[in-house]
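Here are my notes for your review. Please read them alongside the model.

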Amino acid sequence: MSDNIYIHGTEGNEQQRLATLNNMTNKSFLNFIRLRKTDSVLEVGSGLGLLAKEVALMVPEGKVTGLEKSDEQLKSCPASVPNLVFVKGDAHNMPFEDNSFNVVYCRYILEHVISPLKVLNEVRRVLVNGGSLFIQENNILAIEMYPECPHFKKAWQKFALLQYELGGDALIGKKLYSLLKKCGFKKIELSPAPEFHYYDLETFKPWVENLIGNIEGASKKLLEYKLLTEEEIKEAINELQNFITLDNASTYFYWNRAFARK
Ligand SMILES: C[S@@+](CC[C@H](N)C(=O)[O-])C[C@H]1O[C@@H](n2cnc3c(N)ncnc32)[C@H](O)[C@@H]1O
């Protein structure tokens with residue numbers, strides 16, 4: 001696998017952005033997954049381990065395993081939670097026996113892998129028969145802003161294109177049903193996780209700053225791949241910085257969720 005497929009990188013500022021995104025989206029995700037306190041749970045692509053740590057509290061008589069390929073992310077994971085372990089490995093070829101987990105979840109990971117189909121086949125292999133899979137993924141173009149932000153919109157489309165050129169898929173969220181069916185999962189249920197942020201909410205500024213961070217974090221590669229000019233990046237970022245100050249501004253998005261059983 002190419003090393004640079006992970007569009008966000010693992011530098012300090014990107015880890016900080018991921019931590020902020022966890023702050024904004026963990027509570028809702030924890031309400032989405034259904035767990036028994038004895039469950040053996042796997043998170044695929046566990047990043048900084050922040051979500052896995054909260055999931056570990058929900059299975060006090062079970063165990064949570066975080067699978068992560070990056071040493072930098074693994075170094076930042078919480079230590080000394082008794083029922084939580086992190087394992088280094090590649091989601092395409094998981095270092096686990098067949099039928100090892102009752103529950104597997106994937107959040108913000110399938111967009112970053114070379115073959116989501118291969119990863120989901122691995123998920124199916126390591127799940128017990130009847131085990132549950134919970135997914136929350138991205139289709140980054142499912143975003144609306146008002147007042148309109150044409151410079152950001154253009155940059156965001158190029159961001160999606162960059163992710164595709166790196167080997168990932170920024171639109172993977174809308175493909176979950178098709179992928180899960182192909183892998184033979186049963187009882188598939190799709191749902192949206194809405195994100196409505198507007199000027200009067202405390203979440204508005206961090207949400208838009210997260211968009212800015214995405215573009216800033218990818219700006220070197222956007223230039224390298226000649227997808228945007230420095231001027232276009234600057235215009236997009238300035239537009240979002242101004243958007244944060246508009247007392248009539250609102251933005252809408254939804255994550256794509258899926259539940260399925262083996
Ligand atoms: C956007 S982060 C999400 C982390 C975590 N799931 C969360 O929701 O906070 C995606 C993580 O997946 C990891 N990752 C990407 N490709 C992977 C692969 N093939 N195998 C294992 N981990 C991978 C990245 O290193 C990164 O830490």
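1. The model is predicted.

2. Next, a helix pair. Helix H7 spans residues 204–224, and helix H8 spans residues 230–244. Their axes come within 10 Å and cross at roughly 175°. An angle over 145 degrees counts as roughly antiparallel, so H7 and H8 are roughly antiparallel to each other.

3. Which residues make this contact? From H7 they are Lys-205, Val-208, Leu-211, Ile-212, Ile-215, Glu-216, Ser-219, Leu-222 and Leu-223. From H8 they are Glu-230, Ile-233, Ala-236, Ile-237, Leu-240, Gln-241, Phe-243 and Ile-244. By class, the contact of H7 with H8 has twelve nonpolar, two polar and three charged residues.

4. Is Phe-152 buried or exposed? Phe-152 lies in helix H5 (residues 150–166). This residue has 23 C-beta neighbours inside 10 Å, and therefore counts as buried.

5. What does Phe-152 touch, leaving aside its neighbours within four places in sequence? Phe-152 is in contact with Ala-236, Glu-239 and Leu-240. Among the H8 residues that meet H7 are Ala-236 and Leu-240.

6. One separation to check: Phe-152 and Gly-173 are 21 residues apart along the chain. Their C-alpha atoms are separated by 21 Å.

Conventions. Residues numbered from 1 in each chain as written. Predicted model: local features only at pLDDT ≥ 70, side-chain atom pairs only at ≥ 80, totals over all residues. Axes fitted to C-alpha atoms, helices over the stretch in contact; angles between N-to-C directions. Helix = DSSP H or I, 4+ residues; strand = E, 2+ residues; numbered from the N terminus. Parallel < 35°, antiparallel > 145°, perpendicular 65-115°, else oblique. Contact = placed C-beta atoms within 7 Å. Nonpolar A, V, L, I, M, F, W, Y, C, P; charged D, E, K, R; others polar. Buried ≥ 20, exposed ≤ 12 C-beta atoms within 10 Å, placed from the backbone.
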